[in-house]
Amino acid sequence: MEENEELNEAHNENTEDSHDTLTKVTGMYKDWFLDYASYVILERAVPAIEDGFKPVQRRIMHSLKDLDDGRYNKVANVVGHTMQYHPHGDASIADAMVQIGQKDLLIDTQGNWGNILTGDRAAASRYIEARLSKFALEVVFSPKITEWQLSYDGRKKEPVNLPVKFPLLLAQGAEGIAVGLSTKVLPHNFKELVDASIKHLRGQGFKVFPDFPTAGIIDVSNYNDGMRGGKVRVRARISQMNKNTLVINEIPYSTNTSSLIDSILKANDKGKIKIKKIEDNTAAEVEILVHLPNGISPDKTIDALYAFTSCESSISPLGCIIENNKPLFIGVSEMLRQSTDLTVELLKAELEIQLLELEEQWHFASLERIFIENRIYRDIEEEETWEGVILAIDKGLKPFSKHLKRAVTEEDIVRLTEIRIKRISKFDLDKAQQHLDNLEEKIAGVKNHLEHLIEFAIDYFKNLKTKYGKGRERKSEIRIFDNIEATKVVIRNTKLYVNREEGFVGTSLRRDEYVTDCSDIDDIIVFTKEGKAMVAKVDTKTFVGKNIIHVAVFKKKDKRTTYNMIYKDGKGGPTYIKRFNITGVTRDKVYDLTTGKPGSIAFYFSANPNGEAEVVTVSLRQVGSIKKLKWDVDFADVLIKGRASKGNIVTKYTVKRIELKEKGVSTLKPRKIWFDDVVRRLNIDGRGELLGEFRGDDLLLVVNQKGIAKTVPPTMTTRFDDDMIVLEKWNSKKPLSAIYWDGEKDRFYVKRFLIEQGNKEDLFISEHQKSYLELVSTDWRPQVQLEFSKPRGKEAKPNLDIDLEHFISIKGIKALGNQLTSEKVKNINTLVPLPYEEPIEQETSEIEVIDEEDVSSGASGSSPQGEIGDDSDDEGQIVLF
């Protein structure tokens, strides 16, 4: 009775549980959604740390191994075979297989497998073929140490994880989006991964960085070991073919030539850049030609391509892997450590199996030798039963068991009975002993590897690098990028207008006064007669305040542009003079440049891009007994302060008028400019090599390996090519000395010349295709040493020192020069130059300069507009009242 009651209670509980499960939809959703999320995470999107494969990739590799006979298989056939293990459609399997094949590591492909450079898709799976690469056969498979499981339908066996003996996940990279999480492991360089694994095995520190198949230039300063929050900036490699043509030879990862060209055309349509046309000559290598209109700066266009197109992109890695059936977020260094440690364990397991097999071979070879040499097989002639035969052989082997490494089993005896008479009759004792010696040598070798497992693993990795590392050098160049400010490189394709009386500024006021060219991402700065200033975004029409006296494109952090102002402080108040910079403001906020008293008014205003300080004449009204009604004021006597400064008092009396007497000259001292070789840019922040102090009209001398010399302004946006060999401040009186090989005459020539014209580019070696520059010097009195080749059967001539100043006089830049020597030269070495006292320039004090971009011309009254110094001929904007 008690049992029946318990059964009834259990039945009622089960009924209630079943009833609750069917009615509680929230519980169903929770359970089913978690099951679905777990399935997607574990079985679809995220790779396992053990072998670096997602399930579909692992099943593809297993199917390729199943079908492997050394010949190519149709991809469609491989896909069909994979469907025995993978419970999803053929399209997803084919796409996954193409992705593996395009990485050129595990699959040996044949046919059109698509192009990662152009974005072209692979041909249909029935038209392309594949087989496992030699690397995959050696590294990925080892059936004896593989753990197996039943496939989804229980008909087949598939590996739980493949025994991959290499950090394959880091070599190939992985990307997947699951439910609630995602992963993005970037690909790394094959050789660098091998070297890092070896360093880890030796207990040394290591760092690994991404390397992309599309090459390009990468900045990994914020890589963060591939974990969440990291970032890799990737740029296309853009060079200047000539003054009107740029060439793109490498593209960023995750883009292709089609999408890159589309982004360039969109930027051109939006007016961010100006291009004439684009040619896509991409085949095996990327080649995109960007043709520029006349008058467009190639350097600025390169920066604009990085700023406004897909020529630069940012990739955010996220290291997520599956370990013990759970997602785990780790960095690439930890992935490599775990993968390397797992490789050591797999190698150990293979060695142990190999040792066991060798010992079994030695054991049976010893038994066979004893069995035949001692003619134990004769002991079974009288036996009539199988048990008797087994016992007879066992008895015959017992005297020799001490020579064996383990006990004799019945299986061993059965194998002895299976030896053919032909083998017994032809048994060679010497060969048998030689075979045993070979086995013992192999056993000793395997035991030695097990005792020195780490050294064995290091040799294993070195062997992989030797066999498969050829042609796998780093493709992506690692550099630190400079930050490109979009406002400095954008093409100013919009015209800005002003209505001074009504107080409107914008790009749609075409009937009003033209101010300057601008772009839609620029800010503008406006000054009014009431002594107020405001910065606003460029728009079609913006009200900024009536009685506008000056408007221009605003540049943040600009400490070179200086504003000179004389204003009346309130109604009937004194007159003040001030000089100030505006470096940073809040957009659309009105700033009062006076003391803020009602009735304040600006008598005089000028904007000076290079800190010019003019002389003005102040005239007073004749009131009472004022003796001095007119005098000159020099702005150079006024210190440059902040915009909120009150200024110095000019007069307490009523001002009649203020007139410009003398145009100002720059009061800013020459700037110190440095060259940062890491980013290959100029800077004023003290990074890199100091090039000198530069005034407004000073230029830089640039010489490259092609034998081209040019002088350029020291602008911060200038890009310097990798083949540059000379970069210094240009001195028009300082000669250049060059030694070059003339391809037509097959001789070395030497020449000395001056570069007399600025902003010009000249080739100073001969134009023959075999001509090349051997040496160039900018020393005043250079010396070189010639090292001659040794003639056959003779002694080499002694080295010859040459003073180039006396060897050849200064000639024109296009002159051929003098023949250096008729002898065959082995080396040309530079010597310490002869002493020369260079004229000393007047020392100047250093000032802080933030920006030196091209000056955006502004509009004030009817003053003429132009450019200043090395960027402009403008002498400032002046307004008189």
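Analyst: Let us begin with a definition: contact means heavy atoms within 4.5 Å. This is a predicted model, in which local features need pLDDT of at least 70, side-chain atom pairs count only at pLDDT 80 or more, and totals for chains, interfaces and linings use all residues. Residues are numbered from 1 along each chain as its sequence is written, and side-chain values use heavy atoms, with hydrogens and water left out.

User: Which helices do the buried residues of H8 pack against?

Analyst: Helices are DSSP runs (H or I, at least four residues), numbered from the N terminus; strands are runs of E, at least two. Buried means under 20% relative accessible area, exposed over 50%, and partly exposed in between (1.4 Å probe, protein chains only). The buried residues of H8 pack against helix H6 (134-139), helix H7 (168-172), H11 and helix H16 (453-468). Among these buried residues are Phe190, Leu193 and Ile198.

User: Which residues touch the most other members of the largest nonpolar core?

Analyst: In soluble globular proteins, nonpolar side chains tend to be buried together. A nonpolar core is a set of buried Ala, Val, Leu, Ile, Met, Phe, Trp, Tyr and Cys residues joined through side-chain atoms within 4.5 Å. Here the largest has 76 residues, and Met61, Met97, Leu106, Phe135 and Phe166 touch the most other members. Helix H11 (residues 332-373) gives the most to this core, with ten residues.

User: Is Arg233 buried or exposed?

Analyst: Arg233, in strand E9 (residues 231-235), is buried, with a relative accessible area of 14%.
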